[in-house]
Amino acid sequence: MRPRNSSASDRPPLFTRLFLAVTFSNLFLASSFFALMPTLPLYMRNVFGFDNSQIGMVIAVFSIAGLLVRPFAGYLLDSLPRFAVFMTAFVLISALYGAYALAGGMIGLICVRLLHGGTWATVTTATSTMVVDILPVQRRGEGIGIFALAFPLATAIGPVIGLAIMAQWGSTVLFVALSLISFVGLGVGVMTRGAPSPEKPRPFRIADLLLKKALPVSITMLFLTFPYGGALVFASLYAAEKDLGSSGPFFVVFSVCLILARVLFGRGFDRGQIRGPVVGAMALFAAGLFWLSFVGNAWQFAMAGGMIGFGFGIIMPLLQTMANSVAKPNERGAANSTFFISFDLGIGVGSYITGFWAKQTSLENVYLFSWSFIVLGLAVFLLWAYPYWRRLRPQVG
């Protein structure tokens, strides 16, 4: 019997130059994005006087653009050099942050959000596809979990930085700073040159813009991101409505718990541990949303963020790895675009529903019942996505 340490030494390396470059470029990209998440609603409220319904509509436009662009982004990534698509989208998204200061009103903001959503969809589909190409298959689940840490780290760093800059220097300086942060990520991303690209381009067919094999797990994610988008996008406004102080601690605790979840469960997929962790995480996510509606002080608000973060931190990398594990190398762009279309659609529709419903009642009442979407996601996962994935994965290899 082979000694345990021999087996460990035979494992292929994970922290290669390409993996570190794509991960850190993703961190800077996400930091600028998440710095905008709590500050843009405040900007729209303070500068233009928008109500919750109008804010939700502007936020939703971003996701609609992502929804429309992602299928074509996936096709481009499966047909052209992935590095070139990645760099082009990164340049555009970095420049767009400055355009928010020039928007001037509802129409301008909608135009900027459409462009921002399209470039965000392209660059995030690119990074998610490239990292799967780079990772050894034996450590794919672990690697995607580590790569995905960029988002919770950015969720902790971004909102705190964004809110601080906005409070100290105003919105114009904020947008310039976010552009600079994104350009730093672009500089790091240059080091991904040499990452694999598809050897055989995928022929263009409308029917193949989405990967059907990834649909069940993507629809599961869709139901989960409805309440997730509403919770995160409106956190700063909810804190102000309930006199809870800054939403910064909410995002910090949310992010720390999300990171802990991914560190503790990062290798679960590679060990075949999927159904149990996902079901348990959905229960915790639902409980966090339910608790969010009853918070009465800052530490309770932060605790709700921790429950949501830990639950979602387990769910997302496991579902994303499931979607990629049924895709062939020249289908990975389509697999990631399909998965993130559901993410974008859930965030966008969830934000709009939350804003519209909150206008009729209150954010407190919205959070009280939003856990019901997670129950629907759980049903899709147990009755369709997980059984389908188990049948299909041996055929792909």
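Modeller: Rolling a probe the size of a water molecule over the atoms shows where empty space is left. In this predicted model, the largest cavity has a volume of about 320 Å³. A cavity is a set of points, on a 1 Å grid over the protein atoms alone, where a 1.4 Å probe fits but cannot get out. Points are joined across faces, edges and corners, and the volume is the space filled by probe spheres set on them.

Colleague: Which residues are the closest to the centre of the largest cavity?

Modeller: They are Phe33, Phe34, Met37, Phe343 and Ile347, out of 27 lining residues; a lining residue has an atom within 4 Å of a point.

Colleague: Which element gives the largest share of that lining?

Modeller: Helix α2 does, with five residues. Helices here are DSSP runs (H or I, at least four residues), numbered from the N terminus. Among the other elements that give two or more residues are α3 (52-79) and α14 (332-360).

Colleague: How many residues of each class line the largest cavity?

Modeller: There are 20 nonpolar, three polar and four charged residues. Ala, Val, Leu, Ile, Met, Phe, Trp, Tyr, Cys and Pro count as nonpolar, Asp, Glu, Lys and Arg as charged, and the others, Gly among them, as polar.

Colleague: What is the volume of the second largest cavity?

Modeller: About 80 Å³. Its lining has five nonpolar, five polar and one charged residues, including Asn26, Arg262 and Phe340.

Methods:
Residues numbered from 1 in each chain as written. Predicted model: local features only at pLDDT ≥ 70, side-chain atom pairs only at ≥ 80, totals over all residues. Heavy atoms only, no water. 1 Å grid on protein atoms, 1.4 Å probe; cavity = no way out; pocket = protein on both sides within 12 Å on 5 of 7 lines; lining within 4 Å.
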